[in-house]
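Let's take a walk through the inside of this protein.

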Amino acid sequence: MTSRGPVPVPGELTFTAPRRAKPPRHLADLAPADRRALAGELGEKPFRAAQLATHYFEHLADDQEQMTDLPKATRGRLVEAMLPQLLTAVRHLDCDDGATRKTVWRLFDGATVESVLMRYPGRVTMCVSSQAGCGMNCPFCATGQAGLTRNMSAGEIVDQVVAGARMLRRGEFSGGPDHQQRISNVVFMGMGEALANYRSAVQAVRTLVAPQPDGLGLSARNLTMSTVGLVPAMRKFAAEGLPVTLAVSLHAPDDELRDTLVPINTRWRVAEVLDEARHYFEVTGRRISIEYALIRDINDQAWRADMLGTELNRRGRGWVHVNPIPLNPTPGSKWTASDPRVERTFVERLRAHGIPTTVRDTRGREIDGACGQLAAVTA
Ligand code: SAH
């Protein structure tokens, strides 16, 4: 059985979540062999685990009445033990003509988190939360302001994607006929710092990429892990053998400013984070994304674009691209997005250094569903 305990990432201890009751165990928390072992422990045939997984990952079933291949006498007990309900939708908010949906979820202990489903022609992206709250305390991010409530289990992370897949398959929200009905991409860019919840985040990735019926059968390349730059966890993640895309929330090329924007920078400096990102590229072959929220008069100067270009090129060519994003306003923040002309100059400067640069499209602003706006307000 996979045991859940403190995650052995060096240097992680300071942001370990407070001890609380654990979420109900779910088959998505477990590797397939452990699911079979659990079925055995429950006094059932091991193949029942694969039947349950098929209902969950393939049929997206959420009603045990549909699971007619399971003996009626033990169906309820099996479902309760291996497919307990993990998420309850508190509300859905749709915008962008029905192409974006934010859902607020209540977890078993009352904690709330959010996910965002974004439909594009030919691709559907689910943005998932990995922690209730976040301990990273970045001052421009709404999630960071409330602090960390707790880590989410792998099952709770995966279940957001399964729930999104279910909404799509059932046509529960609108969108043109050109939109596909399956989730193709998952980004760990909702609430939380996933690499600070290392074991659950990696188990969630493994389950998302496991072929059906063991998992959702997504391509690792279509998953993006986003991090503030937890260097030891980045090193460990590179060694997992999962070609997941890594995004690094840099936001400043110099330590002086980054110390204020991304406080964990006082622990792992810009140079270390970039060296580690480069190492990740070497090990996985996946090009790194650098995230850079453009904040008016704070980090958007042309000289900072030059400095960023120089720092990236110092570590080689073709290993990285930059994703600037205009800052999304958060309640009470004194900061705002850069002027569009300033943004354009910033992008041009980076490109002049030969750095591929694309401004990230902002979805869900009106529903507080855009990057940095997730606060799980339920009122
Ligand atoms: N903890 C992870 C994932 C969090 S959110 C991380 O920090 O990478 C995903 C991205 O949104 C991060 O790059 C984060 O810095 C960015 N972000 C946070 N607040 C924002 C805001 N108000 N406007 C734009 N982007 C923001």
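Predicted model: local features only at pLDDT ≥ 70, side-chain atom pairs only at ≥ 80, totals over all residues.

Residues are numbered from 1 along each chain as its sequence is written, and side-chain values use heavy atoms, with hydrogens and water left out.

**Helix packing**

Helices (H or I, at least four residues) and strands (E, at least two) are DSSP runs, numbered from the N terminus. Axes are lines fitted to C-alpha atoms, for helices over the stretch in contact, and angles run from 0 to 180 degrees between N-to-C directions.

| Helix pair | Angle | Axes |
|---|---|---|
| H2 and H5 (residues 154-169) | about 60° | 9 Å apart |
| H7 (residues 231-238) and H9 (residues 270-284) | about 5° | 9 Å apart |
| H10 (residues 302-313) and H11 (residues 340-352) | roughly 30° | come within 8 Å |

With that angle, H2 and H5 are therefore oblique to each other. Tyr56, Phe57 and Glu58 of H2 touch Val158, Asp159, Val162, Arg166 and Arg169 of H5, contact meaning heavy atoms within 4.5 Å. Sorted by class, that's four nonpolar, no polar and four charged residues. Here Ala, Val, Leu, Ile, Met, Phe, Trp, Tyr, Cys and Pro count as nonpolar, Asp, Glu, Lys and Arg as charged, and the others, Gly among them, as polar.

H7 and H9 pack at about 5°, which makes the two roughly parallel. On the H7 side, the contact uses Val231, Met234, Arg235, Phe237 and Ala238, and they meet H9 residues including Glu272, Tyr280 and Thr284. The tally for this contact is eight nonpolar, two polar and three charged.

H10 and H11 cross at roughly 30°, so they too are described as roughly parallel to each other. From H10, the contact residues include Ala302, Arg304 and Leu308, and from H11 they are Thr345, Phe346, Arg349 and Leu350. This contact splits into five nonpolar, two polar and three charged residues.

**Cavities**

How many cavities of 30 Å³ or more does the structure hold? Two. A cavity is a set of points, on a 1 Å grid over the protein atoms alone, where a 1.4 Å probe fits but cannot get out; lining residues have an atom within 4 Å of a point. Grid points are joined across faces, edges and corners, and a volume is the space filled by probe spheres set on the points.

The largest cavity has a volume of about 500 Å³. It is lined by 30 residues, with Phe140, Cys141, Ser249, His251 and Gly372 nearest its centre. Helix H4 (142-146) and strands S8 (223-227), S10 (288-294) and S11 (320-326) each supply at least two lining residues. By class, the lining has 15 nonpolar, 12 polar and three charged residues.

Most residues other than glycine have a negative phi, and most peptide bonds are trans. Leu60, in the loop between H2 (47-58) and H3 (72-82), has a positive phi near 55°. The peptide bond from Gln212 to Pro213 is cis, with omega near 5°. Pro213 sits in the loop between H6 (198-209) and S8.

Technical notes. 1 Å grid on protein atoms, 1.4 Å probe; cavity = no way out; pocket = protein on both sides within 12 Å on 5 of 7 lines; lining within 4 Å. Parallel < 35°, antiparallel > 145°, perpendicular 65-115°, else oblique.
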